[in-house]
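Please consider the sequence and the coordinates together.

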Amino acid sequence: MSVSILPSDPELTRMHGRAELGFVHVDGADRLAHLYQRAPLRVLFPDPPADEPPQAALVTTSGGLAGGDVLELSVHAAPQARALVVGSAAEKVYRSTGADTVMDVHLTIDDGARLEYLPQETILFDGARLRRTTRIDAAADARVLAGEMLVFGRTAKGERLHTGLLREAWEIRRAGRLVWADALHMDTDLRALLDAAAGFDGAVAAASLVLLTDDATDLRDRIRTDHAEYAGRFGAGIINGVLVARWLDRDAQSLRAAFGQTWKTLRHQALGLPAQLPRLWDI
């Protein structure tokens, strides 16, 4: 069953960007086999370093998203294919006068394939209204590393997020079976939830990371140990075979650094790739 989260009124859609990517493994090499893109969502293909899979860099040419804008991303890794999809820069979601900004991400990973989905931060301006869903459909022996980061307000300018809407939802299916679903929903008075001791406790940034691999028990223990002296809040657990890690921090750069270090560890240990991040991460 497919559920659409796009605006029901076409007049509310200001920009509708879409990108479709398909990767295959042929003659011992990983290659791009399918590409469709529609502005303002564009895809660039930087030359990957040696021993790295093909890289696809996502670019929002509009410079940010406003209320009513829609971005859709679809990525398919065919059997045995490897690929890395990375954000070229932080995504900005501007203040809305009422309409929602919608982002829909669908990742499909076939038998034996390996896929990384590594966006950079999504910065929510005060008054932004964002609905984002990330759906992962993976074969039983596929491996997937995916994540998202949120920054609550333009912290570099001293802005705090007070009002708006945030709905961040995940759905993960393995071999056709739903193994993990999760949704964060905050509406109207976001400041109260962000400040609440039983809520976000003053955090200005949050992140989620998921890993689908064979047995993640040792990896869960490893990243827990790596965060023993982390100043923010961190937790990691395994749910139906999915390793889920989450961060909260009052310093967005501190969270980014911890997230990136964990990503390097997991891609090396679970995907057999070098313990390094794409060059775009540091630009």
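Asp 27 has a relative accessible area of 71%, and because this is over the 50% cut-off, Asp 27 counts as exposed. In this predicted model, Asp 27 belongs to the loop that joins β1 (16–26) to β2 (29–38). Its C-alpha atom is 43 Å from that of Ala 205, a residue 178 positions away in sequence.

Ser 96 also sits in a loop, the one between β7 (91–93) and β8 (101–109). Is this residue buried or exposed? Ser 96 has a relative accessible area of 10%; buried means under 20%, so Ser 96 is classed as buried. Another is the backbone oxygen of Ala 99, which is 2.5 Å from a polar atom of the Ser 96 side chain. When neighbours within four places in sequence are set aside, Ser 96 is in contact with Gly 67, Gly 127, Ala 128 and Arg 129.

The backbone itself deserves attention next. Most residues other than glycine have a negative phi, and most peptide bonds are trans. Against that background, the peptide bond from Ala 39 to Pro 40 is cis, its omega being near 10 degrees. Pro 40 is placed in the loop between β2 and β3 (41–44).

Gln 80 is partly exposed, with a relative accessibility of 44%. For Thr 188, likewise a residue other than glycine, phi is positive and near 70 degrees. Thr 188 is part of strand β14 (residues 177–189), and with a relative accessible area of 53% it is exposed.

How do the helices pack? The axes of helix α2 (residues 217–226) and helix α3 (residues 252–271) approach within 11 Å and cross at roughly 155 degrees. Since angles over 145 degrees count as roughly antiparallel, α2 is therefore roughly antiparallel to α3. The crossing of these two helices is right-handed. On the α2 side, the contact is made by Leu 219, Arg 222, Ile 223 and Asp 226, and on the α3 side by Thr 262, Thr 265, Leu 266, Gln 269 and Ala 270. Sorted by class, the α2–α3 contact comprises four nonpolar, three polar and two charged residues.

Definitions and conventions: Residues numbered from 1 in each chain as written. Predicted model: local features only at pLDDT ≥ 70, side-chain atom pairs only at ≥ 80, totals over all residues. Heavy atoms only, no water. Axes fitted to C-alpha atoms, helices over the stretch in contact; angles between N-to-C directions. Helix = DSSP H or I, 4+ residues; strand = E, 2+ residues; numbered from the N terminus. Parallel < 35°, antiparallel > 145°, perpendicular 65-115°, else oblique. Left-handed = near helix turned anticlockwise from the far one by under 90°. Contact = heavy atoms within 4.5 Å. Nonpolar A, V, L, I, M, F, W, Y, C, P; charged D, E, K, R; others polar. Buried < 20%, exposed > 50% of the residue type's maximum accessible area, 1.4 Å probe, protein only. Polar contact = N/O pair within 3.5 Å; in protein donor to acceptor, adjacent residues only side chain to side chain.
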